[in-house]
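Please open the structure in your viewer and keep the selection tool at hand.

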Amino acid sequence: MDDPFEDILNLEEQFYQDGYKQGQEDGVKAGRSEGRSLGLEKGFQKFIESGRLYGRAIVWANRLPGASSKPAAATEDTNDGQEKQQHGEQELTLPPLPKNPRLEKHITTLYALVEADTLSTENTDEAVNDFDDRVKRAQGKAKIIERMVGEVTVKKVQAGAGGKPDEV
Amino acid sequence: MAKPTARIEPLAALKPDLYQRAWQSVPHPTLPLLATTHANQVTVFSLSTLSQHSVLAGGHTRSVRSVTWQPAQPAGRLRLVTGSFDASAGLWTWDGTGAGAGAGGGETKLEMEITLDRVDEEEQQNEEEEWEFNLVLEGHEHEVKDVAFSPSGQYLATCSRDKSVWIWEDVGAADGDDEWETVAVLSEHDGDVKAVAWCPDVPGRAARGRYSADVLASASYDNTVRIWREDADGEWVCVAVLEGHDGTVWGMQWEPRPEGNKFPRLLTFSADATIRIWSLREEEEEEEKEGEGGSRLFRSGLGGIPNTMRRSMREDWDCTAVFSKVHTREIYSASWSAKTGIVASAGSDGIIALYREESETAAAAAAATTTTVEVTPESAWRVLGTVSNAHGPYEINHITWCKRFDPGAGERRGEEEMLITTGDDGVIRPWQVRIS
């Protein structure tokens, strides 16, 4: 027999359930929009980084001696101030890199690590880990290549021991 | 049979007192010298006189935490690398052949005049010699925590708070050219990398499969130790992650003299106040495991497609021993003797502890193994002795085994091993160890 007072006596329970349901709906909605914006942000950051590395890899690869001389239309945008040499064969605006097998290997690996088409855009754990791992390794490789090519890797210090501290 | 115990007696501290926190004391591989880092300098002590030999100063702006001797130098020459909190590593040379640095700073010459005569004949020739700061190795973004040379001296490894391990190689044409190139930047740790150690050149260490013989281990704030090897492409890859410690792994040491042809075990010590031993699970069919999907995918070399896929971890390591807990706080340092196999540990609690492997238990465990896969037997380690408050209330930052060269060793000069502890009190103290 239904207790006629059941509803009234269990008001808290009903309010609780209402509140819970409402909270859950709100939470799901907020979570979705927050997740979406977070995903967009993270996705953008990750792929802009991998794309940046890919771009650098392409430029470096084309600067290697022995690379086929293609029109340098796709070179980096930092070339704004430079004049394009319109010679018959060489249209590269950047100086070629020294011939160095180790350097070539590094650049080849970097290129392979961040090749745009090989990176997965799926959201599975495995794909994300693979992506992160490759980008991290690529960053390390880029540092090595930078040091071999551009910035001075090591500084020879002339000061004797006990002399002036070297400017680091 | 009475259980062996150790008597650990303090000897006179090395002179002079440094009056600054000292971090590491590293003995030279062959000569009676000890390099100690403190503040932003390194003091090299003579182990024959137990007093200062020379000082390396002025090269770093911040604390120098680590130092390592470069192996395989010609007679009369010393080279070492310092790792500093200023995010750089420094390469220093001492030329004892008379062709060294000319007139140096007036202060350092005076320092040397004050010190006692060096008993080491090779360096007695020219009193005007000093350390020359040759090179700065920059690249790390944050404090460099440790530096280490590979056994042949071909590679230098540095690690830093920036979570990365860098491997450097001198590609200069001639000896002394010093053209250092960064060969690898390994950023796979999730936290500050505290220490790096190369596997020593022992019979059990050999090139396996696609990898060369050099093996590097790194210890980190992320509670793990990673093992790195160089593959056929010249790429350094992480082949194993050793998990098990519950706190920062402050460092590790490879087994200096493994049994027979076994691969050296790894000793690790941690902020969780435990010391662990790890063994490589050595299996025979390693070659066949190469590449699940057939070898084409993994073919590499300059002509082929480099393998960018994450290779599965190539090695399996098991934790085969956890030492009985003696320390109450973080263990900052441990040393495994090549001569006696005894392990000494020290740390934040100021306790020195000695341990030795119980060979009987290990042999019994090995005999009991009947499985087809060779499971590395667990080993038991017994505490031989302890010393409390070795540096008073101060923390002990480093402990190392070291051969005795002072007159007190008598006929056993150059043979007997002693301990050297380095403390926050700036005292570098040798200890005589007698096992009864």
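Begin with helix α3 of chain A, whose buried residues (buried: under 20% relative accessible area, 1.4 Å probe, protein chains only) are covered by parts that include α2 (11-63) and α4 (125-149) of chain A together with β13 (180-186) of chain B. This is a predicted model: local features need pLDDT of at least 70, side-chain atom pairs count only at pLDDT 80 or more, and totals for chains, interfaces and linings use all residues. Residues are numbered from 1 along each chain as its sequence is written, chains are lettered from A and ligands numbered from 1 in the order in which they are written, and side-chain values use heavy atoms, without hydrogens and water.

Helices (H or I, at least four residues) and strands (E, at least two) are DSSP runs, numbered from the N terminus. Select residues 101-114 of chain A to display α3. Among its buried residues are Leu103(A), His106(A), Ile107(A) and Leu110(A). An α-helix has 3.6 residues a turn, so residues three or four places apart point the same way.

Next, select Lys46(A) and Asp132(A), which form a salt bridge with closest N and O atoms 2.6 Å apart (a side-chain nitrogen of Lys or Arg within 4 Å of a carboxyl oxygen of Asp or Glu). Lys46(A) belongs to α2 and Asp132(A) to α4, so the pair ties together parts 86 residues apart in sequence.

Finally, move to chain B and select Glu416(B) and Arg434(B), another salt bridge, at 3.9 Å from N to O. Glu416(B) is buried, at 4% relative accessibility. Salt bridges that share partners join Arg404(B), Asp406(B), Glu416(B) and Arg434(B) into one network.

Note on methods:
The expected span of a helix is 1.5 Å times one less than its number of residues. Buried means under 20% relative accessible area, exposed over 50%, partly exposed in between (1.4 Å probe, protein chains only). Contact means heavy atoms within 4.5 Å.
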